[in-house]
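Here is a short tour for anyone who likes to see how a fold is put together. Please keep the 3D view open while you read.

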Amino acid sequence: NGTSTLFFKEENKAYIEVTDNLTFLDKNAGFIWSSTMDGFHHLYHYNMKGQMVKQITKGNWDVTDFYGYDAASGNTYFQAAMNSPMKKGVYRADKNGKILPVSKENGTCSAMFSNGYKYRFITSSTANSVPVARLFDASGKLIRTEKENKEVAESLSKTKLSPIEFFQCTTSENITLNGWMIKPPDFDSNKRYPVIQYMYGGPNSQTVKDEWLGLNGMWFQLLAQKGYIIVSVDNRGTGARGEAFNKCIYKQLGKLETMDQMEVAKWLGKQPYVDATRIGAWGWSYGGYMTSLLITKGADLFKTCIAVAPVTNWKYYDSIYTERYLQTPQLNKEGYEENSPANFTDKLKGNYMIIHGTTDDNVHMQNAMEMVDALVKNKKQFDSFFYPNKAHGISGVRLHLYKMMTDYFTENL
């Protein structure tokens, strides 16, 4: 009759992450919902009265993707970082709650299932091996290898690539962070090298995964061949490490993330093979926001930073994202002002380059303009480049962009 009633409600002391995991089951059997209510991201079955029937997955690990529920078998399919935040596998939970692996490959695996779950594509890769896609039937029997990327693998085998090495570092707050490192092919532990920290660092994201890095990975290899050590570390707020690690950034977006990346720079500077006077950083979008904070708040640690399409003042970014983590400017003025790079341009010491597309549909050009205006007002010298009529991805001119960034590091780091 058109009357609306409350069906289901969940509350959290911080925020509830947006996912597409809400799935209603056939024959009014209820729905599947994902939540961090027990401290980790897991799947739950509710009935049509909004009451919990059972917790489908459980453990000190996060479900990172939900693939669906097979009513015929009672199996629930999902991806999870069960063994490590850096490695993800595909699993199924049967109707009795027993969890079994669907993928057997190392590194990071993802899945696509056919209707009825009779077939599945499993795509797998590691940080040092290209993606391979295989088709299996429901029993796990290999039907065929769909895509092996042989030509890519053979081509790369003839190139002087450096292996990606995973490591951990511990901050002064006794927080262990996961990272990877690419060293020059002719690395000599008796020499001191410049370092470029690559980061994204945003809520629930990850750059440190045992997964093929693609285009950026090839650029990092080029930089390594030119004599740089490339490092990426996942700071607090990033994903696959439970709610406490993920949501500690609430109402202070950028603060703990920046502190962690500064701690990484300090840790790197203590390594005998690192030149602590030549540490740089690069990032795009949230990563550009981070590098803009590092060259200002962390000016004593970083010599050269490049920011591509960075947020520079949170009041200019979209509300569904910003207000989830920071509330509104009226409720949390301090959270906005103390973590927006445009407010700290007076601290700039090193080399800073800001790059933006003039028609950016995500992080609007207004962010770059506010940063530039603040730098000029504080009589700070910097470099900038703006791509006419390019959106957030700056597509179509990537070769120009990456060559320019390579040259900038070469000249300034």
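What follows looks at a sheet, a helix and the nonpolar cores.

Please bear in mind that this is a predicted model.

Let's begin with the sheet. Eight strands make it up, in the order β13-β14-β16-β15-β17-β18-β19-β20; the sheet is open and its pairing is mixed. Strands β13 (164-170) and β20 (383-387) stand at the edges with a single partner strand each, so one side of each has no neighbour in the sheet. On average, neighbouring strands are turned by 20° against each other, direction ignored.

Next comes helix α5 (residues 286-294), which runs at about 145° to β17. The strands that α5 lies across are these:

| Strand | Residues |
|---|---|
| β15 | 193-199 |
| β17 | 274-284 |
| β18 | 304-308 |
| β19 | 351-357 |

Which residues have the most contacts inside the largest nonpolar core? They are Ile-229, Val-231, Leu-253, Leu-268, Phe-302, Trp-314 and Tyr-352, in a core of 51 residues. Helix α5 gives the most to this core, with five residues.

Leaving aside neighbours within four places in sequence, Phe-302 is in contact with several residues, including Gln-197, Met-262, Ile-279 and Leu-294.

Another core, of 30 residues, lies apart from the largest one, and Phe-220, Val-308, Ile-394 and Tyr-408 are among its members.

Conventions:
Residues numbered from 1 in each chain as written. Predicted model: local features only at pLDDT ≥ 70, side-chain atom pairs only at ≥ 80, totals over all residues. Heavy atoms only, no water. Pairing = 2+ DSSP bridges. Helix = DSSP H or I, 4+ residues; strand = E, 2+ residues; numbered from the N terminus. Axes fitted to C-alpha atoms, helices over the stretch in contact; angles between N-to-C directions. Contact = heavy atoms within 4.5 Å. Core = buried A, V, L, I, M, F, W, Y, C linked by side-chain atoms within 4.5 Å. Buried < 20%, exposed > 50% of the residue type's maximum accessible area, 1.4 Å probe, protein only.
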